Amino acid sequence: MKLVIAVVQDKDSNRLSNALIKEGFRATKLASTGGFLRAGNTTFMIGIEDERISDVMQVIKANCKIREQMVTPVSPMGGTTDSYIPFPVEVQVGGAAVFVLPVERFEHY
């Protein structure tokens, strides 16, 4: 058995949740916040049998897309703060950061 932890952008959260339910996967959703952009994320925790790992990974990959977004940095990137003028920069957001961990024991009460 494995525990899949998938951190996804909030924009992809409902689509992924619906797809997981449709495919018969049970998941726990947790609200989370990213450290770089300080934007909302959703963390899914999915307990899954070893032989179904590729299936759940396909569902995550199909429903979480990387996109470009313009953001204004919240602090200077280097140098002094005296001449700091925040200019928007384009960054990639979205997609999914997925961790697969072994589960030593699972109990359901």
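A strand, labelled E, is a DSSP run of at least two residues, and elements are numbered from the N terminus. With that in hand, the lining of the largest pocket can be read by element: strand E3 gives the largest share, four residues. The model is predicted.

**The largest pocket**

The largest pocket has a volume of about 420 Å³. Its lining holds 16 residues, and Met1, Arg26, Ile46, Gly47 and Phe106 are the closest to its centre. Two elements, E1 and E3 (40–48), each give two or more residues to this lining. By residue class, the lining divides into eight nonpolar, four polar and four charged. Rolling a probe the size of a water molecule over the atoms shows where empty space is left.

**The nonpolar core**

The largest nonpolar core has 15 residues. Val4, Leu16, Leu20, Phe44, Ile46 and Ile60 touch the most other members. H2 provides the largest share, four residues. In soluble globular proteins, nonpolar side chains tend to be buried together.

Which residues does Ile46 contact, beyond its neighbours within four places in sequence? They are Lys2, Leu3, Val4, Leu20, Arg26, Ala27, Val56 and Ile60.

Is Val59 buried or exposed? Val59 is buried, because its relative accessibility is 10% and the cut-off for buried is under 20%. Val7 is partly exposed, because its value of 26% falls between the limits of 20% and 50%. Val59 sits in helix H2 (residues 53–63). Val7 lies in strand E1 (residues 2–9).

| Pair | Separation in sequence | C-alpha to C-alpha distance |
|---|---|---|
| Val7 and Asn41 | 34 residues | 6.6 Å |
| Val59 and Glu23 | 36 residues | 8.2 Å |

Neighbours within four places in sequence are again left aside for the contacts. Val59 then touches Leu16, Ala19, Leu20, Glu23 and Phe25. Val7 is in contact with Ser32, Asn41, Thr42, Thr43, Gly95, Ala96 and Ala97.

Note on methods. Residues numbered from 1 in each chain as written. Predicted model: local features only at pLDDT ≥ 70, side-chain atom pairs only at ≥ 80, totals over all residues. Heavy atoms only, no water. Buried < 20%, exposed > 50% of the residue type's maximum accessible area, 1.4 Å probe, protein only. Contact = heavy atoms within 4.5 Å. 1 Å grid on protein atoms, 1.4 Å probe; cavity = no way out; pocket = protein on both sides within 12 Å on 5 of 7 lines; lining within 4 Å. Points joined across faces, edges and corners; volume = space filled by probe spheres on them. Nonpolar A, V, L, I, M, F, W, Y, C, P; charged D, E, K, R; others polar. Core = buried A, V, L, I, M, F, W, Y, C linked by side-chain atoms within 4.5 Å.
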